[in-house]
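The following paragraphs go through a structure step by step. Keep the view open while reading.

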Amino acid sequence: MKEIKTVGVVGLGALGVIFSYQLTRGAGYDNVLVLADAARTARYERDGVFLNGERCVFHYADAAKVTQPLDLLLFSVKFGALEDSIAECRHLVGPDTTVISALNGISSEQVLSDAFGAEKVVWCVAQKMSAVKEGNQATCPSFGELALGVPAGADDSRLRALTAFFDRIGFPYSLPESIETHMWSKLLCNTGCNQAAMVFQCGYGGLQVPGPARDAMLGAMREVVQVANAEGVPLSEKDVESWDSIIQTFPTDGEPSMRQDGKAHRKSEVELFSGTIRRLAAKHGIAVPVNDWLYEKVQEMERAY
């Protein structure tokens, strides 16, 4: 595989800001493009983007005006914006381009594979960060890492090229034994944590103490274990305990992304979380009452916007 040198980041939410900062610091301003349309690019240049109070020095680029394929393309948009982002950046994916997604859920890798070819996609999970973005201000006390991998039996040459690049620039990553199981494990976390925080209108602090929000979080997680097992993915109560212990380390005033969506009256990613679990549960004849209740509550909240 060709050595990775040039990078494009698509999406400048809280995680996109973190990734752009880390990549720019490690690979250099000229090699890392923060891609958007012309209007967004002009706004970023005019108003700036800030991380932990400091203005970021990013190489903003109108994706339509970039003519050469990039070595690495990282998608960090909301799922609802993924198809449009793919269309805007399709010309930037060449034969040697590696594509990764930091989106929540277990669906984006398939969407990117359908668009660009499965051989170009390294599976990815963003984890161990607690990030908030309001306007052009992003705050993140811990940048976390990307968990990376390819499906069992797949060619790992792009994965090896990607980790060599990350090693060279000092970008944090991990290599779980099974990326599929790991992605399901993160789905377990998000399905419980994100949805409970949105419905009960609380931050991590409300999920760390006994009460209905915490009960809903853990109940939703345990239903994900049941559905994952039916799908042949070996999650267990240990995964619930592991993610609960991680959530306990987050700042009490920090907020999951769905809580931020709820406060801003944005459409949430509920379809990626309880929506996915409910569909798969129905396929296997499994009852998921906590996820049913959370799904309906989120729909009710969004109808009221």
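Just after helix 5, Gly170 takes a positive phi of about 75°. The model is a predicted one, in which local features need pLDDT of at least 70, side-chain atom pairs count only at pLDDT 80 or more, and totals for chains, interfaces and linings use all residues. Residues are numbered from 1 along each chain as its sequence is written, and side-chain values use heavy atoms, with hydrogens and water left out. Helices (H or I, at least four residues) and strands (E, at least two) are DSSP runs, numbered from the N terminus.

Helix 5 itself covers residues 157-169, 13 residues in total. From first C-alpha to last it reaches 19 Å, close to the 18 Å expected at 1.5 Å a residue; the expected span is 1.5 Å times one less than the number of residues.

Which residues of helix 5 are buried? They are Ser157, Arg158, Leu159, Ala161, Leu162, Thr163, Phe165, Phe166 and Ile169, where buried means under 20% relative accessible area, exposed over 50% and partly exposed in between, with a 1.4 Å probe and protein chains only. An α-helix has 3.6 residues a turn, so residues three or four places apart point the same way. The buried residues of helix 5 pack against several elements, among them helix 1 (14-27), strand 7 (93-101) and strand 11 (145-149).

The axes of helix 1 and helix 5 come within 8 Å and cross at roughly 75°; axes are lines fitted to C-alpha atoms, for helices over the stretch in contact, and angles run from 0 to 180 degrees between N-to-C directions. The two helices, helix 1 and helix 5, are therefore roughly perpendicular to each other, a label for angles of 65 to 115 degrees. Leu23, Gly26 and Ala27 in helix 1 meet Phe165, Phe166 and Ile169 in helix 5, contact being heavy atoms within 4.5 Å. The residues of this contact divide into 5 nonpolar, 1 polar and no charged, with Gly counted as polar.

Strand 8 and strand 11 pair in the antiparallel sense over 5 bridges, and Trp123 stands opposite Gly149 in strand 11.

Definitions and conventions: Parallel < 35°, antiparallel > 145°, perpendicular 65-115°, else oblique. Pairing = 2+ DSSP bridges.
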